[in-house]
Amino acid sequence: VVTQAPLRPVVAAAAHTRSMQHLAACNQAFAARQYDAAITACKAATQAWPGNHLAWYVGASAHMAKNEWPEAEAETEAAVTRRPDQAMYQLYAGIARYEAARAQNDPAQNDPAQPKLEAARDALLRAAKLAPSLWRAHFYLGRVYRDLDDARHAAEQFAQTIETHPTYRFGYLALGELCRRWGYHDAAIAIAELGVQHVAADEAGELVFDAASARLARGQRALHQGDVASAKRDLDDVMAQTEPRVAALRPLAAQLLDQIAHKR
């Protein structure tokens, strides 16, 4: 991890001035969400002065806004090469590499390109090292580790996402999904309920659904193990939920409750 800005070649004053003028136009266009104009202006800025790392960064951001991941990857690489000490540049390089890997994924194999995932992981680790509170670095690291089948490190990074940005619902959803995948239903419920306490009310529906899904799975397991009281408690909780998304779970919950009723 590079923590100090490296020395750069001297640039002629006229070239520097032209580059910064184009960068100003790029920033203005980007702020107005005129991404094509921003890309054109930033390209002019880097042509006038290739060392203008901000122009590479804003140009990459415009490509990212358009989901143009190979282009974003190339421009974030240019920014990182010039200023490897900048956490945001490392973050964007990691995101661009990750999304480029996903874009190259063969849907039939569901296997993102591993070298790119490892390169994304390394950039994101540098970003998190440079700025530990950079929650998006932790979130994308969690996704990378998940796709690399490293569930433990994925869970750690999703937990770090929640710690650094407790109102970000996707951190709770991602961590809860991992817990459900591994059968840790108690943990999945606790994570979802914690999320409901912290995220905006209009964003909490998915978390309520997650908690209900985990309760339904836990109730099924309890019923299979002969713990009828625990199963009924979880299934009753599912039936009592008013969140519209939970309606999809009620038929199975009702069926299981009917089985319990006929056993008594």
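F139 is buried, and Y168 is buried as well, where buried stands for under 20% relative accessible area, computed with a 1.4 Å probe on protein chains only. The structure is a predicted model, in which local features need pLDDT of at least 70 and side-chain atom pairs count only at pLDDT 80 or more, whereas totals for chains, interfaces and linings use all residues. Residues are numbered from 1 along each chain as its sequence is written, and side-chain values use heavy atoms, with hydrogens and water left out.

Rings of Phe, Tyr and Trp (its six-membered ring) were taken to pair if their centres lie within 6.5 Å, with planes under 30 degrees apart counted as stacked, over 60 as edge-to-face and the rest as tilted. By this rule there are nine aromatic pairs. One of them is formed by Y98 and Y140, which are edge-to-face at 5.6 Å centre to centre, with 80° between the planes. Because Y98 lies in helix α5 (residues 87–103) and Y140 in helix α7 (residues 135–147), the pair ties together parts that are 42 residues apart in sequence; helices here are DSSP runs of H or I with at least four residues, numbered from the N terminus. Y98 is buried, with a relative accessible area of 0%, and Y140 is buried, with a value of 12%. The rings of F139 and Y168 have centres 5.3 Å apart and planes at 90°, so this pair is also edge-to-face. F139 belongs to helix α7 and Y168 to the loop between α8 (151–164) and α9 (169–181), 29 residues apart. Ring pairs join Y98, W135, F139, Y140, F158, Y168 and F170 into a cluster.

Methods: Helices (H or I, at least four residues) and strands (E, at least two) are DSSP runs, numbered from the N terminus. Buried means under 20% relative accessible area, exposed over 50%, partly exposed in between (1.4 Å probe, protein chains only).
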